[in-house]
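Hello,

Here is the structure I promised to pass on. My notes follow below it.

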Amino acid sequence: MKSWKINTLFAVMAVVLASACTKRFDEINRNPFDFTEEELKADYRLMGEPLSQAQLNLLIYNDPPTAQLQQNLNADIFSGYMMAPTPFEGNINNTNYGLLYYWNNKPWQVTYSNVMKTCDFAQSKAKGHYADFYAWAQIIKVEAMHRISDIYGPVIYTKYGILNEEMGIDYDSQQEAYYAFFKDLDEAVDTLTGFINSGFPQRFAAFDLVYKGDYTQWVKFANTLRLRLAIRISGIDPKKAREEGEAALRHPIGLLTTPADNFAVNISPVTHPLNIMCYTWADLRMSAPMESILTGYKDPRLAHYFVPTDDGVNVYHGIRNGIKIAAKEEYSGFSQLVKFDNKILFMTAAEAWFLKAEAALYGWQGAGNASTNYTTGISTSFNQYSIANANAYMNNNVDKPHPYTDPQNGDNNVSEGDPHLSTITIKWEESAALQQKLERIITQKWIAMFPEGQEAWSEFRRTGYPKLFPVVINNSGGTISTEKFIRRLPMPQIELVTNPKAVARAVATLKGPDTGGTPLWWDLR
């Protein structure tokens, strides 16, 4: 009897507990680090916070040593914007084409770990439910990944996160990647335009470190980015370039137009990493081409970019790339960069006008007039720095880039008549040949984009403008031509070790061996 009562009691308790557990199954089995749909709807953090981090790591904001390797000791130097007075690794380093694989891993590692991964996570949460966040992630992802493709060539993009039979991940060729970039931008613009037209509340203001959640501004940026990429492939793939460029030009919301539209990530209260490199470490100074071009043009932006030396109020000295440097002290007294605010600049409205100017040269519909776009680009850049009297500058048809003199070593000089010293003036000439018009456009765009070295390096490779000075010392062992300059970085060592077969197939899509001298798909020079 007693035994029967106990068994019955246990049976009843089991039923009750089972019922209770069934009712609370979702709660008990919930990941304590995840968010419920109700929480997600309340503040969107599960998607928004990863996308904040993605913006911050387009150039890693809080780790200057990594930022130095992510961009400064490659693109910022190769673009002709800056130069290091420091003889890193016994003066055999990227600045003189002695490429260091442990430096060249960084752009890849930072972008895939801190941008691609977070965008993919946000999109996995947003897909099917939060189309505005999904579209926002698409735009950020294209901005990050086109930069990586323009460094290496092939990238992991459309197959990201998909294991192949070898348990590796396959690459897109650069052409395939660019086509995917266009597709993603087109979809993102359509999505956000729909939200704008419907008057839908803007939902990612709390996480947007560029435009404070303004959908219209993100569409303008995406359109301009699409035009940038279209112009990039205009030599190798003119039909596709025109198709994509004209789609960006005819979109009713338009492009970036004024300095208020500039795409700059707010990293406050963290200081700009270039300030650390220049002032704390003394690893960064003005470049020789910057000195030549800005002083030659008497460009008023000079004082907004660089600091005069101790030799005089208006005396600026830049360092030539790829020279013999025995000790940092030799060149540390050359011009420093100005101290930047707490925003990292990735695209200016001035660039958009210069893109339109080039598109007009090719007759693309909606591009307008090349001359008007060119002068508007200059005036927009002047406005960015509150500089008056752009007209006098734009009408200057006399001044040219100055010859370069290295006060430390005459072997580094670039004299009058040197083929690497440009003779282009500023004033637009409608009767000039197409190449002269292009040189004017790209030279002024190069000035206006400072300090965004990645884009400046890409445009120099594509066009050959502005004219830069070749390295004096070439430590590439013959893999990079001194006269043709560095064209790319080799595939990252980490991928060669962990994903070798896919890398081998990716390298086969290049125009040559996996070296710094092999041009990218869009690079015809």
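Helices (H or I, at least four residues) and strands (E, at least two) are DSSP runs, numbered from the N terminus. This is a predicted model: local features need pLDDT of at least 70, side-chain atom pairs count only at pLDDT 80 or more, and totals for chains, interfaces and linings use all residues. Residues are numbered from 1 along each chain as its sequence is written, and side-chain values use heavy atoms, with hydrogens and water left out.

Ser-476 first. Ser-476 sits in the loop between helix H20 (453–463) and helix H21 (493–498). Leaving aside residues up to four places away in sequence, Ser-476 touches Asn-96 and Tyr-97; contact means heavy atoms within 4.5 Å.

Now the whole chain. The chain holds 22 helices and four strands. Its radius of gyration is 26 Å, close to the 24 Å that the globule rule gives for 525 residues, so the chain is as compact as a globular protein of that length. The radius is taken over C-alpha atoms, and the rule is 2.2 Å times the number of residues to the power 0.38. The C-alpha trace spans about 115 × 55 × 45 Å along its principal axes.

Of the 525 residues, 57% count as buried. Among contacts with a separation of 6 or more, 75% come from residues 24 or more positions apart.

Best wishes

Notes. Buried < 20%, exposed > 50% of the residue type's maximum accessible area, 1.4 Å probe, protein only.
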